[in-house]
Amino acid sequence: YELLRNTVLEQGRVLDGDVLKVDSFLNHQLDVRVLNAIGKLFYQQFGELKIDKILTAEVSGIAIAAIAAQYFQVPVVFAKKTLSKNLDPDTWEGSVYSYTKQQTYQIRVAKRYLGKGEKILILDDFLANGQAIKGMHQIVKESEAVLMGTGVVIEKSFQPGKEMLREKGIHVHSLIKVTSLEKEQIQLGQ
Ligand code: 5GP
């Protein structure tokens, strides 16, 4: 936990007031030592749940989900953001509203990789407005899989996502809580 916390504090940079850039270890360059610590922390939290599969979203969720999956010994399936020939036409869909682009897009998982009764853990890098998590929950619901838990690496507690999801009955466990990015200072909670 200390490694993750210190890495966020030392390498995180504040952009446009409310965006935390972590591309030196999580979003562009990948620091596998830090990713491994993240994987272990997720396993500590969710390891007893006997999940069948981890669900995440491309691109930035994949690295953390894959490393976490080594501890859980389960497959990872990632929701895709674009339609391509590589994706079966038969998909479960969730909608995600992007505040930055001011538009809604669909995320999709092929039906063959997510099905009724499968026990699912959702993992992602950030919780900000909660749209990505909401979209993945929609996919799990549609597929009639069973949601066992939801975890994110970094929650931006000053943004409305956590509360919005809570009102929908969705609890999100976060490894790191960023309580403020004001004055370009990264403030972390407990
Ligand atoms: P949402 O607003 O739906 O909770 O977050 C959507 C996605 O935007 C997250 O999965 C994450 O990839 C990205 N995101 C949101 N806020 C931040 C941020 O402060 N820093 C970075 N690097 N990504 C973010």
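The axes of α1 (residues 2-11) and α2 (residues 32-46) cross at roughly 130° and come within 9 Å. Axes here are lines fitted to C-alpha atoms, for helices over the stretch in contact, with angles from 0 to 180 degrees between N-to-C directions. Helices are DSSP runs of H or I with at least four residues, strands are E runs of at least two, and both are numbered from the N terminus.

Some housekeeping. This is a predicted model, where local features need pLDDT of at least 70, side-chain atom pairs count only at pLDDT 80 or more, and totals for chains, interfaces and linings use all residues. Residues are numbered from 1 along each chain as its sequence is written, and side-chain values use heavy atoms, with hydrogens and water left out.

Back to the pair. Which residues of α1 and α2 make the contact? From α1 they are L3, L4 and T7, and from α2 they are R33, V34, A37, I38 and L41, where contact means heavy atoms within 4.5 Å.

T7 sits in helix α1. At 6% relative accessibility T7 counts as buried; buried means under 20% relative accessible area, exposed over 50%, and partly exposed in between, with a 1.4 Å probe and protein chains only. Leaving aside residues up to four places away in sequence, T7 touches G12, F25 and V34. T7 and V34 are 27 residues apart in sequence, and their C-alpha atoms are 7.9 Å apart.

Next, α2 itself. Its 15 residues reach 21 Å from first C-alpha to last, close to the 21 Å expected at 1.5 Å a residue; the expected span is 1.5 Å times one less than the number of residues. V34, L35, A37, I38, G39, L41, F42 and F46 of α2 are buried. The cover over these buried residues includes α1, α3 (60-72), β7 (119-127), β8 (146-156) and β9 (173-180).

That leaves α3. Its 13 residues should span 18 Å, and the end C-alpha atoms are 19 Å apart, which agrees. Buried in α3 are G61, A63, I64, A65, I67, A68, A69 and F72. They pack against α2, β3 (53-57), β4 (76-79), β7 and β8. After α3 comes Q73, with a positive phi near 55°.
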